[in-house]
Amino acid sequence: MKRNVLIIGAGGVAQVVAHKCAQNNAVLGDIHIASRTLAKCHAIIDSVHAKGSMQTKGVLQAHALDALDVEATKFLIRATHSQIVINVGSPFVNMSVLQACIETGAAYMDTAIHEDPLKVCEAPPWYANYEWKRREACKAAGVTAILGIGFDPGVVNAYARYAIDHHFDQVDSIDIIDINAGSHGRYFATNFDPETNFREFTSTVWSWENNAWKANQMFEHRKDWDMPVTGVGTTYLTGHDELHSMSQHLGVPNIRFWMGFGEHYINVFNVLKNLGLLSEQPVRTARGQEIVPLEVVKAVLPDPASLAPDYTGKTCIGDLVKGTKDGQPAEVLIYNVCDHEASYQEVGSQAISYTAGVPPVAAALLIAEGVWDVGGMVNVEELDPAPLIAQMNRMGLVTRIRHAAGDDVLEPICPVAAPLGDDRQGELKYG
């Protein structure tokens, strides 16, 4: 059984991760939070104590760390006796943190794909450019590395795997739909790190069509979806991390990602892009200073964590899966609805951070219990999704399924050790 968690990063998602680890520290053990900005770590710790999130008395400590420094990260992992590392820092540090875990034997998780600061939208599949090159090293070291275990990527991968395994004989298409029907009341802001957010949308949009990569332009393809609770929302075909592993692992010919955008967001985005302010490449000012335009935009926009107190409304994220069952056309929507205000009341973060922060802690519990401690590198769709869905249901991120017979909570009951506060054990049963 693995114990003691090191959280790398101190943004809105890290705050959720810290609260959820604290709520389960009887299983997970000591909790350590590390970031370049120590004050942010202390603020998260203050929030955990203010909300009374600690399940039992235990260690909750802050540390200053430059996660690009592999040796410093290795030292901190060993000094804190951390056996599980949850990396929710910048995607630029993924490979450094992963290497530190390989060399120390700690289990590794992240919520987004690795990026090179000077490159945007590399050739697909993206995971092959960095992460998958470390597969053999993870296997040789016996290190569990679970890639992209946020919501999207992460939970949506598990939803796809679940649908394929239990509702279809053949799957023809998976449409991942991400709708945020909430409002933060600001003129313009991004729901997570602006630099990461904009980098997703400034280059080629890759989709998986007819078993091949198709290049599209951002905002080229629009579609309205009628989703549970949030209603009809306008989305655009967008490139996203999970397509680059699901396309390789699931054998489904068509996999697309759709994200909701309002007209105001699109207008501001296009102005910034057309002015060159979303470029990741350095420029020199008239005073001779070298700056990266995208970093300047990030500096003047609101910190996504600051949006939480005023956020209202809900999110709906899910997989619409189509195919055949028993020779007949079949369709299911597996999804989650999350409330911004409820998320803030519980952990002090908005729903976007909540949906990204709960899954890695659910996975950490599964690693601690040995269920997902696989001793190698995997993407989420390569694992049994039932324990993850059951664990998240208990932790406040409830999965529902809309199918021909109705719309119900999806409650897989798994033959594994029951998590604290949950006495449901028995045969594997799927909703």
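Two strands pair if DSSP finds at least two bridges between them. Strands here are DSSP runs of E, at least two residues, and helices are runs of H or I, at least four, all numbered from the N terminus.

First, the ground rules. This is a predicted model: local features need pLDDT of at least 70, side-chain atom pairs count only at pLDDT 80 or more, and totals for chains, interfaces and linings use all residues. Residues are numbered from 1 along each chain as its sequence is written, and side-chain values use heavy atoms, leaving out hydrogens and water.

Now S1, residues 5-8. In S2, Val5 has Ile31 as its bridge partner. S1 and S2, residues 31-35, pair in the parallel sense over four bridges. S1 also pairs with S4, residues 84-87, again parallel and over four bridges. There, Ile7 has Ile86 as its bridge partner.

Is S1 covered on one face or both? Both faces are covered. Val5 and Ile7 sit on one side, Leu6 and Ile8 on the other, and all are buried. Buried means under 20% relative accessible area, exposed over 50%, partly exposed in between, with a 1.4 Å probe and protein chains only.

On to the core. A nonpolar core is a set of buried Ala, Val, Leu, Ile, Met, Phe, Trp, Tyr and Cys residues joined through side-chain atoms within 4.5 Å. The largest one has 106 residues. Ile7, Ile86, Ile174, Phe198 and Trp372 have the most contacts inside it. Helix H13, residues 351-368, gives the most to this core: twelve residues. Apart from it lies another core, of 27 residues, including Leu76 and Ile102.

Take Phe198. Contact means heavy atoms within 4.5 Å. Beyond its neighbours within four places in sequence, Phe198 touches several residues, among them Phe188, Tyr265, Phe269 and Leu301.

Next, helix H7, residues 155-167. Its 13 residues reach 17 Å from first C-alpha to last, close to the 18 Å expected at 1.5 Å a residue. That expected span is 1.5 Å times one less than the number of residues. How many of the 13 residues are buried? Eleven, so H7 is mostly covered. Among them are Tyr159, Arg161 and His167.

Last, the whole chain. It has 14 helices and 19 strands. Its C-alpha atoms fill a box of roughly 70 × 50 × 45 Å along the principal axes. Of the 431 residues, 57% are buried.
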